[in-house]
Amino acid sequence: MKKVASKVGFVSLGCPKALVDSEQIITQLRAEGYEIAPDYNGADLVVVNTCGFVDDAIDESLDAIGEAMDQNGKVIVTGCLGAKGKIVEESFPNVLAVTGPHARQEVMEAVHEHLPPAHDPYTSLIPETGIKLTPRHYAYLKISEGCNHRCRFCIIPSLRGDLVSRPVGEVLTEAENLKKAGVKELLVISQDTSAYGIDTKYKLDFWNGKPAKTRFYDLTKHLNSLGIWVRLHYVYPYPHVDEVISLMQDGNVLPYLDVPLQHASPQILKAMRRPASSENNLKRIEKWRSVMPDLTIRSTFITGFPGETDKDFEILLEFLKEAQLDRVGCFAYSAVEGAKANELPNPVSEAVKQERLQAFMELQAEISTEKLKQRIGKQEQVLIDEVTDFGFIARSKSDAPGIDGVVVVETKGQFSVGDFVDVDIINSSEHDLYAEVSAEN
């Protein structure tokens, strides 16, 4: 008599790094014969992968755990919230187990204890790429775990530890398998992408029988050879990033950098313990654009960091005007539990934080609107994310999924998700572009 497979429900919250952790756990569950339940009622137990970085994320994670407990009752908690002391156990004393982030083995041990597998694993039934939670045409490629920086507003090192780079051969093999599976775009992620390999002293590894160094430039060069889009996220503006810009001229490594700058005032950057100055950042951006004029730069900033004065904020706004960044996110400072910044004097009131946040985003909206207007009349290649009744929604080389704008195209032509299409830009708004299919298609 055939055994019925045990079913595990799964809730994944947080950043792309956490999403990759979820993919790895789900891949292992499927390899061991577990099925993934589509709802709480059909699950024998539920795994909740949490985020614990800011207060809103903690609240969302606690709500998700509460819902899983109410709807199912058998819950294993993993992720960053699990590493924040006893908050989960105190809120939900009846959870089956709690682990920190990047803890596939610990999660599987808890699953085995409370829900033994119905049969021996058949790992050959799992695709080489593992189970992915993203659409088929793009995937996140996590190259390292943890971070060596000790920024005062951040608790990532206490949650995920110091930098641990994956062997370059392992990363490139995963990337190659993803391409074979139909992935058209790789989104390279980590806590500090440009620090890749520093912890290994750029150890020599092998990929397809050829030597390769565990180093940011070498990794990017080999990814470039795969012939699919490669998008670089979380790139600190170190001097050695300059050499990677030249790889963008080939067209596969996209002219796009996600660079977390956080502020521009020297006083605030020092208080944050950030590794670069605003003056150096401006020079570096200017140099990058001299090599790659079409480079899209995305960044994130914080308003209302403890000690931020009106002058500091004006410096930030002036930097924004001068840098002319393409894509920008901004957050009012949140006193994350465990962050060293909470010990700093002169906290900024919530009203002032929000006032500065609004002023910042209004200025960036003006910059974004003008920069997008400059693309009207140009032909661009886009990657289709969604087919609609009126045509399709796509992304250009300047747009990462979920955080940047989109390209909206009206057409009666037949296209599919994952298709590359050349389009002519005919209009723009604050964040998005509007286009029609080019005659050459």
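## Briefing: a pocket pair, sheets and a buried helix

Glu 380 is found in strand 16, residues 379-387. Strands are DSSP runs of E with at least two residues, helices are runs of H or I with at least four, and both are numbered from the N terminus. This is a predicted model, in which local features need pLDDT of at least 70, side-chain atom pairs count only at pLDDT 80 or more, and totals for chains, interfaces and linings use all residues. Residues are numbered from 1 along each chain as its sequence is written, and side-chain values use heavy atoms, with hydrogens and water left out.

**Glu 380 and Arg 375**

- Glu 380 is buried, at a relative accessible area of 15%. Buried means under 20% relative accessible area, exposed means over 50%, and partly exposed lies in between (1.4 Å probe, protein chains only).
- Arg 375 sits in the loop between helix 12 (350-373) and strand 16. Arg 375 also counts as buried, with 12% relative accessibility.
- The side chains of Glu 380 and Arg 375 make a polar contact at 2.8 Å. A polar contact is a pair of N or O atoms within 3.5 Å; within protein, one must be able to donate a hydrogen and the other to accept it, and residues adjacent in sequence count only if both atoms are side-chain atoms.
- Leaving out residues up to four places away in sequence, Glu 380 touches Arg 375, Ser 396, Val 421, Asp 422, Val 423 and Ile 425. Contact means heavy atoms within 4.5 Å.
- With that exclusion of residues up to four places away, the contacts of Arg 375 include Arg 327, Ser 398 and Leu 433.

**The second largest pocket**

- The second largest pocket holds about 580 Å³ of space. Of its 22 lining residues, the closest to the centre are Asp 294, Thr 296, Arg 375, Glu 380 and Ser 398.
- A pocket is defined on a 1 Å grid over the protein atoms alone, as an open set of points where a 1.4 Å probe fits, with protein on both sides within 12 Å along at least five of seven lines; lining residues have an atom within 4 Å of a point. Grid points are joined across faces, edges and corners, and the volume is the space filled by probe spheres set on the points.
- Helix 12 and strand 16 each supply at least two residues of the lining.
- The lining divides into six nonpolar, seven polar and nine charged residues. Ala, Val, Leu, Ile, Met, Phe, Trp, Tyr, Cys and Pro count as nonpolar, Asp, Glu, Lys and Arg as charged, and the others, Gly among them, as polar.

- Five strands form an open sheet with parallel pairing, in the order 2-1-3-4-5. Strand 2 (35-37) and strand 5 (97-98) stand at the edges with a single partner strand each, so one side of each has no neighbour in the sheet.
- Two strands pair if DSSP finds at least two bridges between them.
- Strand 3 (residues 45-50) and strand 4 (residues 75-79) run parallel, joined by five bridges. Val 48 stands opposite Val 77 in strand 4.
- Strand 13 has six of its six residues buried.
- Strand 13 is joined to strand 12 (residues 229-232) by two bridges, in parallel. Here Val 230 stands opposite Val 253.
- Strand 13 also pairs in the parallel sense with strand 14 (residues 296-303), over three bridges. Asp 258 has Arg 298 as its bridge partner in strand 14.

- Tyr 202 has a positive phi near 55°. Tyr 202 lies in the loop between strand 9 (185-189) and strand 10 (204-207), and is partly exposed at 35% relative accessible area.
- Gln 262 has a positive phi of about 75°. Gln 262 lies in the loop between strand 13 (253-258) and helix 9 (266-272), and counts as buried at 10% relative accessibility.

- Helix 7 (residues 216-224) has eight of its nine residues buried, so it is largely enclosed by the rest of the structure. Among the buried residues are Phe 216, Asp 218, His 222 and Asn 224.
- Val 336 is in the loop between strand 15 (327-332) and helix 12. Val 336 is buried, at 2% relative accessibility.
- Val 336 and Val 54 are 282 residues apart in sequence, yet 5.4 Å apart in space, C-alpha to C-alpha.
- Beyond residues up to four places away in sequence, Val 336 touches residues including Phe 53, Lys 84, Phe 153 and Ile 155.
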